[in-house]
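Hi,

Here's the structure I said I'd pass along. Have a look first, and my notes on the packing and the aromatic rings follow below.

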Amino acid sequence: MEYARLGRTGLKVSRLCLGCMTYGEPNRGNHEWTLGEEQSRPFIREALEAGINFFDTANVYSDGSSEEIVGRALHDFGKRDEIVLATKVHGVMRKDPNGGGLSRKAILAEIDNSLRRLGTDYVDLYQIHRFDHETPIEETLEALHDVVKAGKARYIGASSMYAWEFAKALYLADQHGWTRFVSMQNHMNLLYREEEREMLGLCIEEGIGVIPWSPLARGKLARPNGDGGTDRSRTDAFQRKLYDATVDADGRVVDAVGEVAEAHGATRAAVSLAWLLAKPGITAPIIGASKPHHLQDALAALTLSLSADEIKRLEADYVPHAVAGF
C-alpha cells in the first residue's frame, strides 16, 4: 500500500479510501442495495489487511447504521490509533426543524451521535457533507473549530460545493483563527471532470487534500457501454441525477477505458482509478466494495502506469457537463 500526506497536514492516509456507504442495514434509510453487517465485515477486514487505513462514512448513510457497522468492524479487526476514520454531517437525521444542516446546534449534537454510533472518542476527519445555504458559514466554521478543540475531531474537511464557496470558507477560517479545512471530498471521474476547472487548482494552491467520491461514476466506468448494470445502478435515483445516459460522448469515454484496459490486460476499474491517481493534487479516491473483486481491482490501480498517450486517449472525448453532485 502507498501512503500520502493529506494536504499539508502531517496525517498520512492510504492512497485508497474505503467508502462505507455500501455498508448499512437495507431496511434503514433509502439505500435498499446496501449490505447488512455480516455481509459488510469481510470487506472491511480485507481492506485493513491490504493496508488501507482510511475509512469514510457519514451520519446519514442508512440512517446511522453505516457508522454502527463500520465502528464495530474497525474495533474488532483494527487498532484505533492506526486507523484514519472519517465521517460527515449535514443530512437530515430527524424530522424536526433542527434535524439536519450545519447550524451550531446540529453540528454539536451530531458529532456526539456519530461518536456514539462509531464507538470511539474521536474521528480523525469530520466533514461537512454539503454546503448549508441556510446557515451563515461563520457559524458553521466556529462550531467545527469548537469540535476540534474539544478533542472530538482531529481535522475537518468539506465536500461538494462551488470553488468560490470553499475559498470563502478558507479565507474566513484564516481571518478568525479557526480550524481550517484540510480536505475536499468532491465528485470527479472520467465522466465528470468539471472539478478540474476551478476546484482542483484551488486545492493544489491551498494545500488541500482531494479525496474524490464516485471515482468509477457509480460503476459506469467499470463495465462496457450499454451494460445493464447492477441492482444498485437500477435503483439508485441519485445516479440518474449525476449521469445523463443520452450524452453520446460519455459512451465514447467508456469505450476508451475498455481499449486501454484491454491493452494492459487490466480491468476497466483499475484503469479508471489509475487515471485519477495520476492526476496532480489527488490524494485518495474513495472506492466502494460490495463484491470480492472490487478491492482487488482498486489495489491493482496502484501499480498500473498509464502512458501520456493513454491518458490523452482516455480524456479525448470528454465534453463539458452540467454541474452535478451538489
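A quick one to start: is Phe-326 buried, exposed or partly exposed? Keep in mind that this is a predicted model. Phe-326 comes out as partly exposed, with a relative accessibility of 35%. Its ring partner is Tyr-162, and the two sit edge-to-face, 4.8 Å centre to centre with 85° between the planes. That pair links distant parts of the chain: Tyr-162 is in the loop between β7 (153–159) and α5 (163–176), while Phe-326 is in the segment after α12 (308–315), 164 residues apart. Tyr-162 is also partly exposed, at 41% relative accessibility.

Searching the whole structure turned up three aromatic pairs. Another of them is Tyr-23 with Phe-43, which is stacked at 6.2 Å centre to centre and 20° between the planes. Tyr-23 belongs to the loop between β3 (17–19) and α1 (37–49) and Phe-43 to helix α1, so this pair ties together parts 20 residues apart in sequence. Tyr-23 is buried at 0% relative accessible area, and Phe-43 is buried at 9%.

Two arginines also go with rings. The charged end of Arg-45 sits over the ring of Phe-77, 5.0 Å from its centre, and Arg-193 lies over the face of Tyr-318, 5.1 Å from the ring centre.

Now the core. The largest nonpolar core has 87 residues, and Leu-18, Phe-55, Phe-166 and Phe-181 touch the most other members. Helix α10 (residues 268–277) gives this core its largest share, eight residues. There's also a second, separate core of 12 residues, including Leu-11, Val-13, Phe-54 and Val-182.

Cheers

Methods
Residues numbered from 1 in each chain as written. Predicted model: local features only at pLDDT ≥ 70, side-chain atom pairs only at ≥ 80, totals over all residues. Heavy atoms only, no water. Core = buried A, V, L, I, M, F, W, Y, C linked by side-chain atoms within 4.5 Å. Buried < 20%, exposed > 50% of the residue type's maximum accessible area, 1.4 Å probe, protein only. Helix = DSSP H or I, 4+ residues; strand = E, 2+ residues; numbered from the N terminus. Phe/Tyr/Trp six-rings, centres within 6.5 Å; stacked < 30°, edge-to-face > 60°. Lys NZ or Arg CZ within 6 Å of the ring centre and 35° of its normal.
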